[in-house]
Number of protein chains: 2
Amino acid sequence: MADRQVTIADVAAAAGVSVATVSKVINDRYGVAEDTSAHVRAIIEQLGYTSSLVAQSLRSRRSNVIAIVVSDIEPFNAELLKGAARAIRGTGYDLVVFSDCGQRKDHPRWEQRSLARVNALTDGAIIVTPSSVDVNVSTPVVAIDHNVRSPTMSTVDSDNLNGAITATAHLVNLGHRRIGFLAGRPDLESARLREQGYRHALQSAGIRFDPDLVRVGGYQPDTATEAARELLQRTPRPTAIFAANDATAIETIAVARSLGLDVPDDLSVVGFDNVPESALCEPPLTTVEQAMQQMGSEAVGLLLGMIEDPSTGPRQVILRTRLVERSSTRAPAETT
Amino acid sequence: MADRQVTIADVAAAAGVSVATVSKVINDRYGVAEDTSAHVRAIIEQLGYTSSLVAQSLRSRRSNVIAIVVSDIEPFNAELLKGAARAIRGTGYDLVVFSDCGQRKDHPRWEQRSLARVNALTDGAIIVTPSSVDVNVSTPVVAIDHNVRSPTMSTVDSDNLNGAITATAHLVNLGHRRIGFLAGRPDLESARLREQGYRHALQSAGIRFDPDLVRVGGYQPDTATEAARELLQRTPRPTAIFAANDATAIETIAVARSLGLDVPDDLSVVGFDNVPESALCEPPLTTVEQAMQQMGSEAVGLLLGMIEDPSTGPRQVILRTRLVERSSTRAPAETT
DNA sequence: ATGAAAGCGCTAACAT
DNA sequence: ATGTTAGCGCTTTCAT
């Protein structure tokens, strides 16, 4: 922990040249003599100088950094990050992940703030599960799990509708009729589509939609607890629950257990996402897999394309989902 | 995607005051009239202004942001991030994760560069698995999985020595005698300690250490492939392998399979870390669990302590490990 | 209470 | 080929 970082001025002084010359050397600008350049490089090496990203990007347009803006770092976003990192490798870009760690989650435009904060720092940004309609920055942006269909923005999403249909149909095919739905956040498009899928599958099976079998779980364990309890304490109790994501599905299992219910004997539970945690819980969760890592890498691909060629139009990528059957679902014990 | 971000100058102009006044309002400085302040806030709201982290932190010392500097975002680091994010929640700090996505992994001082790049941006940094001895920045730093014992720096580590002893002893207790070791990166203290633990446990069991049963796997799948193959093609073949981390243990299983060997019938494999992937591979991996998320949150705790009270001395935290028995280990088929 | 001006570390015209 | 100079958006004395 030194008193002060080495600055370009230190290098210039030590090398006996101007800061402008050092800057030119760093950025491989033409117009520097061979030996001047070599000398400056030597000094840089010797002093262990690294330019400040902050100062550099305040001044110039390019930073060779891309940002991923997330509300929090939880299992789903962590998978995205793994995939994004893989895609960045070999491109020469650095990655900055910016997160307020969920502290502004309920603020209507948290992603706008985060984006504005890092904006000057980066050449473009990926924004995950944004809550507001439009973003307003000067660099390219691609949205993962976007809130609304917007043909003006590049987006990467899973096929939420078909995923939810598959999940619900799986329960129907097992013989379930009273199927509860633990909904996601109503302000998110993915959540709305999953509910649509649930309804659609019910209808296809000739099961009447019952609003009393739906509660908002909000995608997060703590917001789901009460909702799951209400669902499970109804009479007659649903024999199965489709939760809009894994986090709340896992919470549902915990609530069921606390109520003395066995999963899957007394209750089947299906989730959505297939985060690693879903395979590790007890019982292992049947869920709809999203290609999370691929979503991250696709987003990086789109973004770099837009950065390198700004005339690139917005593109929407939709990735298919698939059902992963594990042990949290089975045929209902008794027929209704 | 607007043409330009809203700046403090825009706000000042719209409010009919100077930028200095706007700055004071933003930072709750005294010396601004009530109604001026209210008016400025209204304009800020209306324009959707958010101050630029870049400009702000170039100018002032505090940014209310902490950095986590990682070489890459892979399963181990992803777990750390989850734990760190949880610990940051409620503190008011924002998190910036900086990574070159493994592109400078072999550069001897990659962490020094990354640290220097984000230094001005943050109030302190957590640096994960650094490769060089000492860091040189003007803000507090805590190291996770540090390279060398350094009482001058705050560090968070697992008890690598005892973890490795436990892993090796587990194999010994199952009846294995020819136990191979797929070492980590020799430049990392954690890797050296795990090898020490391996040797120690062998010695305790009265098994002679055989250098031919040790190969460097380098902590990464691609660097481990050849090493694992060499180990498995020796005659006589080891009946068990302790890999220095999960990533290379999983790779070892893949190599064994490609050689027609069954795990655990023909070969037992133990890993280290207990990343989620280790439970999901086939067969599920017996491994030594590090409290990865806790490492992240402990590091945040130490760092915030140092930021809030700079007189805080360096502290070292060592977390205990524990063996997680799954299905990749069993008694050897034939006795030697 | 408010504003003018200097400067954080760097880049980019523009001189020389 | 090199240096001088003017900012990037912000904070912070220091005048007024």
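Okay, housekeeping. Because the model is predicted, local features need pLDDT of at least 70 and side-chain atom pairs count only at pLDDT 80 or more, while totals for chains, interfaces and linings use all residues. Residues are numbered from 1 along each chain as its sequence is written, and chains are lettered from A and ligands numbered from 1 in the order in which they are written.

Let's start with the sheet that runs through both chains. Helices and strands here are DSSP runs (H or I, at least four residues, for helices; E, at least two, for strands), numbered from the N terminus. Two strands pair if DSSP finds at least two bridges between them. On that basis, 12 strands make an open sheet with mixed pairing, in the order β11(A)-β5(A)-β4(A)-β3(A)-β1(A)-β2(A)-β2(B)-β1(B)-β3(B)-β4(B)-β5(B)-β11(B). At the edges you find β11 (316-319) of chain A and β11 (316-319) of chain B, each pairing on one side only. From one strand to the next, the twist averages 15 degrees. A word on angles: axes are lines fitted to C-alpha atoms, for helices over the stretch in contact, and angles run from 0 to 180 degrees between N-to-C directions.

So how do β2(A) and β2(B) run where they join? They are antiparallel, with 5 bridges between them. One pair to look for is Phe98(A), whose bridge partner in β2(B) is Val96(B). Moving on within chain B, β1 (residues 65-70) and β2 (residues 94-99) run parallel and share 6 bridges. There, Val69(B) sits opposite Phe98(B). Helix α6 (residues 110-118) of chain B lies across β1, β2 and β3 (124-128) of that chain, at about 160 degrees to β1(B).

Next, the DNA. At least two residues each come from α1 (8-15), α2 and α4 of chain A, and from α2 and α4 of chain B. This surface has 13 nonpolar, 11 polar and 2 charged residues.

Over to another sheet, in chain A. It is open and mixed, with 6 strands in the order β7-β6-β8-β9-β10-β12. Since β7 (214-216) and β12 (322-324) each have a single partner strand, one side of each is left without a neighbour in the sheet. The twist averages 20 degrees from strand to strand. Strands β9(A) and β10(A) pair in the parallel sense over 4 bridges, while β10(A) and β12(A) are antiparallel over 3 bridges. Val288(A) is a handy landmark: Phe272(A) stands opposite Val288(A), and Val288(A) stands opposite Leu323(A) in β12(A). Helix α10 (residues 246-258) of chain A lies across β6, β8, β9 (268-273) and β10, at about 160 degrees to β9(A).

Last stop, a helix pair in chain B. The axes of α9 (residues 221-232) and α10 (residues 246-258) come within 9 Å and cross at roughly 50 degrees. That makes α9(B) oblique to α10(B); under 35 degrees would be roughly parallel, over 145 roughly antiparallel, 65 to 115 roughly perpendicular, and the rest is oblique. Among the residues that meet are Pro221(B) and Ala224(B) from α9(B), and Ala247(B) and Thr248(B) from α10(B). Sorted by class, this contact has 7 nonpolar, 3 polar and 2 charged residues.

Notes. Two residues are in contact if their C-beta atoms, placed from the backbone, lie within 7 Å. Ala, Val, Leu, Ile, Met, Phe, Trp, Tyr, Cys and Pro count as nonpolar, Asp, Glu, Lys and Arg as charged, and the others, Gly among them, as polar.
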